[in-house]
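Dear colleague,

Please find the structure below, followed by a short account of what was found in it.

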Amino acid sequence: MKKQEYLQALESELEAFSEEERRDILLEIEDHIDELQRMHPDSGEEVVVAGLESPADLASALRAESGRSAEAARPAESARPADEKPGAETEPEPEASREDREGRAGRRGKARITIDGRDLEDIIRRALDVAGIFKNGAFKAGFKVEDSDDEDEGDRKIVMNDLPVDGLEKIFVTASSADISVKLSASGFFLSAKGPSHSKLTVRRDTPDTMVVSVPRGGEEPEMIEIGVPSSVDLVSLATASGDVEVADRVGDLDIRTASGDVVVRSCSGNVRANTASGDIAVSNCSERLELKSASGDIRAELDAACDSVRIGSVSGDIELLYPEDMDTTVRWSSLSGDIDCDAQEKGPTSCIIGAGLVPISISTTSGDIRIARSRKA
């Protein structure tokens, strides 16, 4: 699709706006496309247009941003006064008004143009952002953007509430510096992201069973991404470079990867795998399989008696394993230079048995210390 074809398709979706408003919007969008072409001179016109949001999605976002409904069409001819009869001749438009509009169109949005009191440029900026968030056929229902009332902070909050998750099995969240928080949702999926006013986020359904939440390349990240996940989702995968990850409650499997961010899992009834380079890991109330690994970060695991198996590894970080009174496990450990502190019955220099010794636990470090002790929680 070329630029003019895109603009024609968009115009057909803008029936909720008057003729003058449609013209101003199309001029601004044309400027936006031209600017993208200047920024990417090696890309052809069709490539640039293909990277845009669909005309239907953009028109939907424009209606939402300007408070219009799809049915609220306001064509210029519908603005006839109530006492004017159909077919009656109207006085010609004043010359000054026509010149003013033509001059404004010629300036292509550089003058201050408003729709119902709001700057057109701001409406379009927000609409492009909203449409971009849901590019590639993701959810639109329940979405809103809230700007902070504090102009000095210039914060932005992106909110999605109770979105349907029929057929959804996996959720992937990737970020660089943003902190990620996960909670259990009793209904649909929800997302809340807060950060600078120009922060970006993309939510897309790559396949019928997979959702991806990410920051577009080159975009400014939110400071915090919080998601609510219903128990019907099998896997939640979280990846960040320097951001921290906190999981308050999760029913289903977890896969967490960070470089320097800390990881905290407070409760999970599925399998948990966490891997970090220098960040610390702390997990508790996890009832299935645990696989925890860090290069230099410390690891603390407070076990549930229902754990199936546990594998914990670190190079230079310390490891603390806390077990409940009714735990039945055999713990085996290895460390080249770290100290070992175990309050359970030792079977030899590298293992101990707790209860019936049924659940296998493996702990290994190179230079980190290992502590194995009964949990003090009630």
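How many helices and strands does the secondary structure of the protein chain come to? The chain of this predicted model has six helices and 26 strands, where helices (H or I, at least four residues) and strands (E, at least two) are DSSP runs numbered from the N terminus.

Local features here need pLDDT of at least 70 and side-chain atom pairs pLDDT 80 or more, while totals for chains, interfaces and linings use all residues. Residues are numbered from 1 along each chain as its sequence is written, and side-chain values use heavy atoms, without hydrogens and water.

An open sheet is formed by 12 strands with mixed pairing, in the order β8-β9-β5-β11-β13-β15-β17-β19-β25-β21-β24-β23. Its edge strands, β8 (202-207) and β23 (345-348), each pair on one side only; two strands pair if DSSP finds at least two bridges between them. Within the sheet, β11 (residues 235-240) and β13 (residues 253-258) run parallel and share six bridges, and Leu235 has Asp253 in β13 as its bridge partner.

Strand β19 (residues 309-314) contains Ile312. This residue counts as buried because its relative accessibility is 3%; buried means under 20% relative accessible area, with a 1.4 Å probe and protein chains only. Leaving aside residues up to four places away in sequence, Ile312 touches Leu292, Ile299, Ala301, Ile319, Leu321, Ser362, Ile363 and Ser364, a contact being heavy atoms within 4.5 Å.

Across the chain, 44% of the 378 residues count as buried. Of the contacts between residues at least 6 apart in sequence, 54% join residues at least 24 apart.

With kind regards

Terms used
Buried means under 20% relative accessible area, exposed over 50%, partly exposed in between (1.4 Å probe, protein chains only).
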